[in-house]
Amino acid sequence: MAKFLFAYHGGGMPESKKEQARVMAAWGAWFGSLGEAVVDGGAPTGASATVASGGKSSSGGGANPVSGYSLVTAKNLKDAIAKAKGCPVLGSGGSVEVCETIEIGV
């Protein structure tokens, strides 16, 4: 099985404790539905910056900053996309970038 990085973009932070609990339950249910495919559930991200090839950095992570990530296994890109379609970030206006990771023999 290949590994895929799910990079989350956008979405919203729940404003109330009740909404927070509902969102966390949705993430828990989604991860539960993925089962052993979840390699690393990941985490939300905080402050960010982008470092350019010349070494200059800019705040904010660019035009569409990453808001979180997970690492999952899937048979192929099509399977990974199908798994990403259940992600709760989509319900709050966010998106999921699905990237196959490449094993490098060291």
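This is a predicted model: local features need pLDDT of at least 70, side-chain atom pairs count only at pLDDT 80 or more; totals for chains, interfaces and linings use all residues.
**A note on the aromatic cluster**

1. Phe6, Tyr8, Trp27, Trp30 and Phe31 are linked into a cluster by ring pairs. Rings of Phe, Tyr and Trp (its six-membered ring) pair if their centres lie within 6.5 Å; planes under 30 degrees apart are stacked, over 60 edge-to-face, and the rest tilted.

2. Residues are numbered from 1 along each chain as its sequence is written, and side-chain values use heavy atoms, leaving out hydrogens and water.

3. How many aromatic pairs does the structure hold? There are five aromatic pairs. The pair of Phe6 and Trp30 is stacked, because the ring centres are 6.2 Å apart and the planes lie at 25°. Phe6 sits in strand β1 (residues 2–9) and Trp30 in helix α1 (residues 17–34), so this pair ties together parts 24 residues apart in sequence. Helices (H or I, at least four residues) and strands (E, at least two) are DSSP runs, numbered from the N terminus.

4. Phe6 and Trp30 are both buried, meaning under 20% relative accessible area, with exposed over 50% and partly exposed in between (1.4 Å probe, protein chains only). The rings of Trp27 and Trp30 form an edge-to-face pair, since their centres are 5.7 Å apart and their planes are at 80°. Trp27 counts as buried too, at 17% relative accessibility.

5. Good news on confidence: the chain averages a pLDDT (the predictor's confidence in each residue, from 0 to 100) of 93, and 100% of the residues score at least 70.
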